[in-house]
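Visitor: I'd like to learn how to read a protein model feature by feature. Could you walk me through one?

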Amino acid sequence: MHIVAAEGALLQQIIDLTCPVWHEGLTPAAYAQWNAAQLRLPWGRTRLTRLALVDDDGALLASLKRYRYDVRIDGRDGTMCGIGAVFTPPARRGRGHASALIQGVLDDERRAGALLAVLFSEIGTAYYERLGFTAVPLDEVTLNVKRKDGSPAMLVRAGGEADIPALAGLHAVRSASARIALRRDASMIAFALAKKRMFAGLSAPGHRQLEFFVAEEGASAVAYVVLSQNQHGWTLEEAGDRDPAAARLGGMLQVLVAREPSKPLPIIRTWWPRAFAVPPQIELAGRTDARDVMMVRALADIDLPTGPDDVFYWRSDYF
């Protein structure tokens, strides 16, 4: 058995097998297009790889996605290995192939100098705990926006590519106090936005929508929000604000919910980093542990996070 980069017919086989599991409403053709497009984005070309464990005849035994993120841990800069889309073909299950693939990838990442590995489990914690991972709960909350009489007097406009470098600066400032945070440069933020936009665009018409808004001063973005919408409500994917109190962000959300004053306030769910101030215009309610469990494993001599106080992580960077 050996690990290879999945390309050509092998990659197509993986796409065909995983589509029924992770299509989330996309057609098979749209699912394949969405996955292929991520690998063509500037950040994805160098940071995202689909890997496969194959036997000596080249038959697929297991596959996964490997991401390489820039991260800061207790003031130390380094890289984080993200593991996603772990899959074993049904006929090959129960033989330890996925475990062997994960361990092989982590051994390679340790040798390359990665500080830690992270994955998000949809199947509980027991399987990955046996592989040395530890669960770190993240806060999933509902945002209750305090509706004003009329729309707040602030300018909110659609965000664009030229705003993205400013967003990276806002993230660096707001995440500085957390023990562990991704170092999100402009290319990584552009990847996250494009991935969400493509997913909405490839979905059935009217099924999903992604919105990106900024508030600016002196032609520079000083606050922003990225929202995805479907029939269940809104998801705040990520946000930022130069104001330590996040009052601009709160004002932006008031402007956005005021667009349709005759309708009930939308349900807005998000992962809210505890190091990010709660704007005075909103309240956080309904706190639960995130359904997709963050799990971490040290690959170097570091102190791992133990709870949501330690980690600054937006839903936008889920993989």
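Predicted model: local features only at pLDDT ≥ 70, side-chain atom pairs only at ≥ 80, totals over all residues.

Visitor: How many helices and strands does the protein chain have?

Guide: The protein chain has 8 helices and 16 strands. Helices (H or I, at least four residues) and strands (E, at least two) are DSSP runs, numbered from the N terminus.

Visitor: How do I read a helix that has a buried face?

Guide: An α-helix has 3.6 residues a turn, so residues three or four places apart point the same way. Take helix H6 (residues 164–174): its buried residues are Ile164, Leu167, Ala168, Leu170, His171 and Arg174. Looking down the axis of H6, these fall within an arc of 160°, so they line one face of the helix. That arc is the one made by the directions from the helix axis to the C-beta atoms. Pro165 and Val173, on the other side of H6, are exposed.

Visitor: What do the buried residues of H6 pack against?

Guide: Among their partners are helix H7 (186–202), strand S10 (209–217), strand S11 (220–230) and strand S12 (233–241). Strand S9 (180–182) and strand S16 (311–312) are also included.

Visitor: Now the rings. How do I describe an aromatic pair?

Guide: A pair of aromatic rings is described by the distance of the centres and the angle of the planes. Rings of Phe, Tyr and Trp (its six-membered ring) pair if their centres lie within 6.5 Å; planes under 30 degrees apart count as stacked, over 60 as edge-to-face and the rest as tilted. A search of the whole structure finds 21 aromatic pairs. In one of them, the rings of phenylalanine 120 and tyrosine 318 have centres 5.2 Å apart and planes at 55°, so the pair is tilted. This pair links distant parts of the chain, 198 residues apart: phenylalanine 120 is in strand S5 (residues 116–121) and tyrosine 318 in the segment after S16. Both phenylalanine 120 and tyrosine 318 are buried.

Visitor: How are the rings of tryptophan 272 and phenylalanine 276 arranged?

Guide: Their centres are 5.3 Å apart and their planes are at 85°, so the pair is edge-to-face. Tryptophan 272 is buried, at 5% relative accessible area, and phenylalanine 276 is buried too, at 2%.

Visitor: Which residues do ring pairs link into a cluster?

Guide: Trp43, Tyr67, Tyr69, Phe120, Phe191, Trp271, Tyr313, Tyr318 and Phe319.

Visitor: Where does the charged end of arginine 315 sit?

Guide: A charge sits over a ring if NZ of Lys or CZ of Arg is within 6 Å of the ring centre and within 35 degrees of the ring normal. The charged end of arginine 315 sits over the ring of tryptophan 271, 5.0 Å from its centre, and over the ring of tyrosine 318, 4.5 Å from its centre.

Visitor: Is alanine 62 buried or exposed?

Guide: Alanine 62, in strand S3 (residues 60–73), counts as buried at 1% relative accessibility. Leaving aside neighbours within four places in sequence, its contacts include Leu51, Phe87, His97 and Leu101.

Visitor: What is phi of aspartate 74 near?

Guide: Phi of aspartate 74 is near 50°, a positive value in a residue other than glycine. Aspartate 74 lies in the loop between S3 and strand S4 (76–87), and is partly exposed, at 44% relative accessible area.

Definitions and conventions. Residues numbered from 1 in each chain as written. Heavy atoms only, no water. Buried < 20%, exposed > 50% of the residue type's maximum accessible area, 1.4 Å probe, protein only. Contact = heavy atoms within 4.5 Å.
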